[in-house]
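Here's a quick briefing to read alongside the model. Have the sequence and the 3D view open, and take the topics one by one.

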Amino acid sequence: MKKSLYKTLEVSENASAEDIKKSYRKLARKYHPDINKEKDAEEKFKEINAAYEILSDPNKRAQYDKFGDKMFGGQDFGDFARQQGNVNIEDILASIFGGQGGFNSGFTQGNPFGGFGGFGGFGGFDPTELDLHCKLSISLQTAVLGGKQQVNLENNTFTIKIPAGIREGDKLRAEGKGKSYQNLKGNAIFTIHIQEDPIYTLENDDLIMQCEIPFKTALFGGTIEVKTLHKDIKLKVPQDTKNGQKFRLKELGIKNRKTGKVGDLYLKSHIIMPKLQDLSPELQQKLKEELN
């Protein structure tokens, strides 16, 4: 997570309060417009003051550490501040950090570029309020193999990538596809729903599929071709296969994204019986005798 306010003050993210104060004083002297006559010194001085007002306050610093540069639309703070143009950066930051209490309406005495009388509380604007939360329905095949799906939110059509092995209730984040406010953009957060499949059932990391086997093959054995989600295979069926008997095919299930392992595919036999009228009278009679 980017946290460019620390870069603005030229300190590390784990800097102590004393280190932050020392660096601020050094930079404030360096870029004070009464001392530094360079073109961008005034804007740099304002950025330094704004960064210090946030990072010198433990509560504000904790809030910033939680959200980072998402509070500035994902931009570096310096870029964010400069892009405001003629808009008062104090007003922008007040809207981000909560307007109650606000900033000083004018500059502080003795420091014409001085900065901010206080940011108010953090009970105000929360960047996560710009997030959109939606349900995304996908096929079981997409859950197993992964893929791409086109969605439309707030009249914005875009494609979201779905990783192989995603599960019911998992969440996917589309950065910057949420609601907008000023220069901030929220995220679209999708909760996954896997549609019921007419062929496959998902149990943990394993897939279960009903497999039709002709009566002759079940009785005498043989080989059948089976189309699975991953690939086509040839299944060797032993003699005297029973209805409901299961065959295990290793690593043809769904990937476990935590362990990286792939589950198995279980083929559950469904014996296809011939129609009696398709058998010859002689065979029908023979079956009657033998089955008795």
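Glu47 sits in helix H3, residues 41-55 (helices are DSSP runs of H or I with at least four residues, strands are E runs of at least two, both numbered from the N terminus). This is a predicted model, where local features need pLDDT of at least 70, side-chain atom pairs count only at pLDDT 80 or more, and totals for chains, interfaces and linings use all residues. Residues are numbered from 1 along each chain as its sequence is written, and side-chain values use heavy atoms, with hydrogens and water left out.

- Glu47 counts as buried because its relative accessible area is 4% (buried is under 20%, exposed is over 50%, partly exposed is in between, with a 1.4 Å probe and protein chains only).
- Beyond its neighbours within four places in sequence, Glu47 is in contact with Thr8, Phe77, Gly78, Ala81 and Arg82 (contact means heavy atoms within 4.5 Å).
- The buried residues of H3 include Phe45, Glu47, Ile48, Asn49 and Tyr52.
- From first C-alpha to last, the 15 residues of H3 reach 21 Å, close to the 21 Å expected at 1.5 Å a residue (the expected span is 1.5 Å times one less than the number of residues).

**Lys185**
- Lys185 belongs to strand S6, residues 184-185.
- With a relative accessible area of 53%, Lys185 is exposed.
- Setting aside residues up to four places away in sequence, Lys185 touches Gly73, Leu130, Gly176, Lys179 and Ser180.
- Asp131 is 54 residues from Lys185 in sequence, and their C-alpha atoms are 8.1 Å apart in space.

**Cysteines**
- The disulfide count is zero, going by a rule that asks for a pair of cysteine sulfur atoms within 2.5 Å.
- Cys134 is buried at 18% relative accessible area, and Cys211 is buried at 4%.

**The largest pocket**
- The largest pocket has a volume of about 330 Å³.
- Of its 14 lining residues, the closest to the centre of the largest pocket are Phe215, Pro274, Leu279, Leu283 and Leu287.
- For the terms: on a 1 Å grid over the protein atoms alone, a pocket is an open set of points where a 1.4 Å probe fits, with protein on both sides within 12 Å along at least five of seven lines, and lining residues have an atom within 4 Å of a point.
- Volume here is the space filled by probe spheres set on the points, which are joined across faces, edges and corners.
- Helices H8 (215-220) and H9 (281-291) each supply at least two residues of this lining, and H9 gives the most, with five residues.
- By class, the lining has ten nonpolar, one polar and three charged residues (Ala, Val, Leu, Ile, Met, Phe, Trp, Tyr, Cys and Pro are nonpolar, Asp, Glu, Lys and Arg are charged, and the others, Gly among them, are polar).

**Positive phi**
- Most residues other than glycine have a negative phi.
- Glu10 isn't a glycine, yet its phi is positive at about 60 degrees; Glu10 is in the loop between helix H1 (4-8) and helix H2 (17-31) and is partly exposed at 48% relative accessible area.
- Asp240, also not a glycine, has a positive phi of about 60 degrees; Asp240 is in the loop between strand S11 (232-237) and strand S12 (246-249) and is partly exposed at 46%.

**Whole chain**
- The chain has nine helices and 13 strands, and 41% of its 292 residues count as buried.
- Among contacts between residues at least 6 apart in sequence, 52% join residues at least 24 apart.
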